[in-house]
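Dear colleague,

I am passing this structure on to you, and below it I have set out what was found. Please read the notes with the structure open beside them.

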Amino acid sequence: MPVPPDPDASASAHLSDRLQAVTEALAAASRQDDVLAVVLTSARDALGATAGSVLLLDPPGQSLTLISAQERSRELSRLGQAGPLDVHGPVRDALEKREALFFEDQRSLGQRYPRWPHAQGSQPQEPHAQEAQSQLPIGVPGAAVATAVLPMLLGDHPLGALTVDFQEPHHFTDPEIRFLRSLTAQCAVALDRAQLRQELEARVEARTAELEGERAALDAFVAYKEAVGAESDVHVLAGQAIRVVQAGLQHVSAAYYELEGGWWKARVWSEDVAPDVAAEIQAGVPEDAPDFSSAARSQTAVFADGWNADANDLPSTGTYGAVALLPLTVNGETRSLFAVGTQDARIWSDREKALVRAVTRGLGITLERTEITRQLQARNAELDARTQALEAFARLTQDLATHGDPHEFVRRAQEVTLSLLPPGYALYYEQDGAHWRNRVQVGSVGNDDLQAFIDAGPPVGHTPSVDVPWTTGQAYYQDDYARGSDTPPEIVQHVNTVASLPVFRHGAVVGVLIAVLFDGRQWTPTDRVTLDTVVRSLGLALERAEQAGELRRRTEQLERSNAELEQFAYVASHDLQAPIRAVTSFAGIMERRYGSLLDERGQLYLRQIVTSGEHMKQLVDDLLTFSRVHTEPHEVLPVDSAAVFDRVAQRLQVDAPDAQVTRAALPTVRADALQLDQLLQNLISNGLKYRRPDVTPHVRVSAERDGPVWRFAVADNGIGIEPQYFGRIFEIFQRLHVRETYEGTGIGLAVCKKIVEQHGGQLWLDSTPGEGSTFYFTLPDAG
Ligand code: ADP
């Protein structure tokens with residue numbers, strides 16, 4: 001006999017199938033909504049309930065929020081009590097006791113919660129209940145007759161509750177209770193998982209955004225670091241620095257300030273700065289604004305937690321929370337500031353400080369590099385100016401010969417000075433008793449009264465522009481000419497800048513050169529170097545001119561006295577010839593005619609007269625020859641020196657037949673033929689004359705090419721000369737022997753020297769006493 005189906009057992013099987021399906025469905029549900037949909041649908045469908053809802057506790061566990069309700073639940077549920085948990089009701093109970101509550105009909109609910117609004121349209125009686133009522137988002141007009149309230153727990157931790165409502169009285173069977181408990185437990189786990197997942201997703205999203213921000217900041221910083229190496233315009237780099245700071249720190253504004261005339265003026269600022277703030281920071285902050293001056297003076301970064309806008313004279317920046325001011329120094333001086341302001345009040349973190357410092361350091365490097373470049377350029381400009389000035393003076397001193405007048409040098413120096421400067425004029429004062437006399441002026445002074453004042457001679461001791469350099473020996477530069485100090489102020493209103501420089505000659509100030517400019521100008525180091533150089537060179541030029549003048553005077557004097565002497569020598573020797581001739585010839589006649597009448601002593605005296613007369617004649621002849629070297633006109637032409645030698649040798653051989661006079665091949669030279677003849681004659685005849693007693697005299701003439709000239713050598717094998725006499729023998733009348741030993745007048749070599757020098761050559765000798773001498777001389781080649 002078939003066993004009739006047990007209705008409980010089949011319901012149980014049905015419910016456990018359901019649960020199985022729920023488990024599977026929940027495994028796939030990843031979001032809170034999906035979880036709730038699965039749970040509520042299953043609860044309703046499995047139990048034939050009218051509606052269901054899930055209420056979740058807020059994190060502190062103070063109130064409940066209805067997060068999902070099955071259709072009609074809003075109308076039906078009296079228990080879906082979202083709101084504060086202090087309202088006494090079934091959900092609170094279920095949660096407190098950690099136990100599910102099942103109300104099979106309205107009466108059982110009413111008995112348990114008599115004050116709970118369970119009648120249709122009825123209102124709670126107690127004030128706090130009324131309060132709760134007023135907070136209920138869910139109305140109670142519908143009447144749920146049976147209800148199950150299950151606390152949703154995760155371990156021991158309450159999450160909320162699941163409610164299931166029926167419109168009819170409902171008996172909760174054990175399988176149904178187990179089903180609901182299991183469903184609630186699964187719901188709790190699934191909701192928690194969904195929650196975790198959601199949190200994780202949010203965290204990942206937040207972290208991704210953070211990383212992207214950091215990457216952007218890093219990219220910006222890398223680009224900035226590269227720019228620090230390459231960018232020379234500090235304002236451009238400051239713009240980049242601002243962008244880096246903004247990328248690295250959220251909600252900040254930044255600006256780059258420079259000090260100008262006692263004000264910190266913003267030159268570059270971030271785009272977010274409001275127009276009124278931009279106008280204010282651009283107009284400038286006083287140098288002594290407390291935070292600004294403290295950063296500038298201490299030369300260390302000021303990170304002010306909290307910002308006093310008014311105290312710093314920047315009223316429009318009151319919205320900034322904290323401000324950082326970082327000084328940038330060049331050559332030990334604070335020249336600019338990098339400022340960062342947060343848009344919320346807060347404290348600077350170490351990371352933020354580090355970033356701001358790093359960025360500012362980059363700016364500092366660029367500033368320093370810019371400064372070094374500027375200094376180098378200035379130095380170059382200075383050198384250029386100096387070179388220019390020196391070149392100008394090189395040209396000036398080349399004219400030494402033509403412009404011996406010192407004032408002409410001063411004028412040139414003034415012209416050079418003015419050519420290197422903006423419009424103005426130049427004066428040159430020398431002291432004249434109690435007055436300064438303007439000796440040289442270039443350019444118009446631009447005012448007749450001023451010119452008259454200058455011409456009248458300003459008083460010494462009351463004219464600082466001249467007195468100061470004169471007395472101190474130092475240049476006196478007035479960027480801002482002290483009007484009224486030298487002259488009545490009304491006549492120098494058009495004058496703005498003055499430089500006064502002492503001019504030295506042999507270490508003493510001899511005058512003051514003044515450059516006056518109509519326009520204002522700060523004398524730059526370059527200007528100063530230029531002016532100093534010009535004036536120093538002027539002093540040197542004056543000294544050289546003086547020396548050159550002195551030299552010229554001395555040369556002229558010497559030339560004059562030489563010419564006079566030569567003239568005298570010529571005249572004397574020429575005029576002496578006749579009387580000497582008369583003396584010697586009359587002495588000869590006397591000897592011939594009256595010699596027999598004289599005794600032996602008388603005859604000796606007479607012979608002496610004749611000999612001395614002849615010597616005197618020789619002297620006069622030689623002297624005449626000597627003076628003629630200069631006075632007689634001579635003709636320099638190509639001359640065959642071999643031919644000249646041959647004639648001379650032939651002549652000399654007559655008097656010394658035993659002597660050997662030879663030559664090598666001799667060149668054609670540019671010379672006066674007669675003088676060359678005389679030169680060779682003197683040198684060869686000396687070689688023969690100063691012979692050694694037992695040695696056959698031999699003189700040999702040769703020549704060697706030496707660049708544009710020929711070096712002749714006249715070598716003999718005679719007695720030789722001691723080296724200490726090498727200089728003396730070329731002087732007129734200087735002899736090394738008495739006439740009794742070797743005849744002569746001591747003029748021959750002096751004549752030779754004059755001839756050679758007249759041809760632009762040189763004469764010298766080499767000799768070994770007892771072996772012989774070689775005389776060398778040079779003459780230009782004929783080519
Ligand atoms: P002078 O021969 O008439 O004395 P010079 O002017 O020719 O005058 O020579 C000056 C002096 O130089 C000579 O007195 C002689 O002492 C010395 N002297 C010149 N030539 C030679 C020579 N070739 N060898 C040695 N002594 C010489």
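Over how many bridges do strand β22 and β24 pair, and in which sense, parallel or antiparallel? Strand β22 (residues 709-716) pairs with β24 in the antiparallel sense over seven bridges, where two strands count as paired if DSSP finds at least two bridges between them. Helices (H or I, at least four residues) and strands (E, at least two) are DSSP runs, numbered from the N terminus.

Before going further, please note that this is a predicted model, in which local features need pLDDT of at least 70 and side-chain atom pairs count only at pLDDT 80 or more, while totals for chains, interfaces and linings use all residues. Residues are numbered from 1 along each chain as its sequence is written, and side-chain values use heavy atoms, with hydrogens and water left out.

Strand β24 (residues 772-780) is largely enclosed by the rest of the structure, because seven of its nine residues are buried; buried means under 20% relative accessible area, exposed means over 50%, and partly exposed is in between (1.4 Å probe, protein chains only).

Strand β11 and its partners

Strand β11 (residues 323-330) is mostly covered, with seven of its eight residues buried. On one pairing, strand β10 (residues 302-304) joins β11 in the antiparallel sense over three bridges, and A304 stands opposite V323 of β11. On another, eight bridges join β11 to strand β12 (residues 333-342), and these two strands run antiparallel, with E333 in β12 as the bridge partner of V330. The hairpin of β11 and β12 has two residues between the strands, and in it N331 takes a positive phi near 55 degrees.

Two further residues with positive phi

Q299, in the loop between α10 (290-298) and β10, has a phi near 55 degrees, a positive value in a residue other than glycine. F733, in the loop between β22 and α19 (748-758), has a positive phi of about 65 degrees although it is not a glycine. Q299 counts as partly exposed at 35% relative accessibility, and F733 likewise counts as partly exposed, at 42%.

Salt bridges

Side chains of opposite charge can pair when their charged atoms come close. A salt bridge is taken here as a side-chain nitrogen of Lys or Arg within 4 Å of a carboxyl oxygen of Asp or Glu, and by this rule the count comes to 24 salt bridges. One of them joins R197 to E201, with the closest N and O atoms 3.7 Å apart; because these two residues are four residues apart in helix α7 (residues 174-230), they are separated by about one helical turn. The side chains of R335 and E333 also meet in a salt bridge (3.7 Å, N to O), and R335 is partly exposed at 31% relative accessibility, as is E333 at 47%. R663 forms a salt bridge with D646, the closest N and O atoms being 3.1 Å apart. Since R663 lies in strand β19 (residues 660-663) and D646 in helix α17 (residues 641-655), this pair ties together parts that are 17 residues apart in sequence.

Domains and the annotated span

The protein is divided into domain 1 (8-198), domain 2 (218-375), domain 3 (403-523), domain 4 (542-633) and domain 5 (635-780), with bounds that come from an automatic or database domain assignment. The C-alpha centres of domain 2 and domain 4 lie 100 Å apart. UniProt, in an unreviewed entry, places the feature "domain: Histidine kinase" at residues 571-783; its positions are given in the numbering used here, feature names are shortened, and annotations may be inferred rather than shown by experiment. The span of residues 571-783 is 46% helix and 21% strand, and its end C-alpha atoms lie 38 Å apart.

With best wishes
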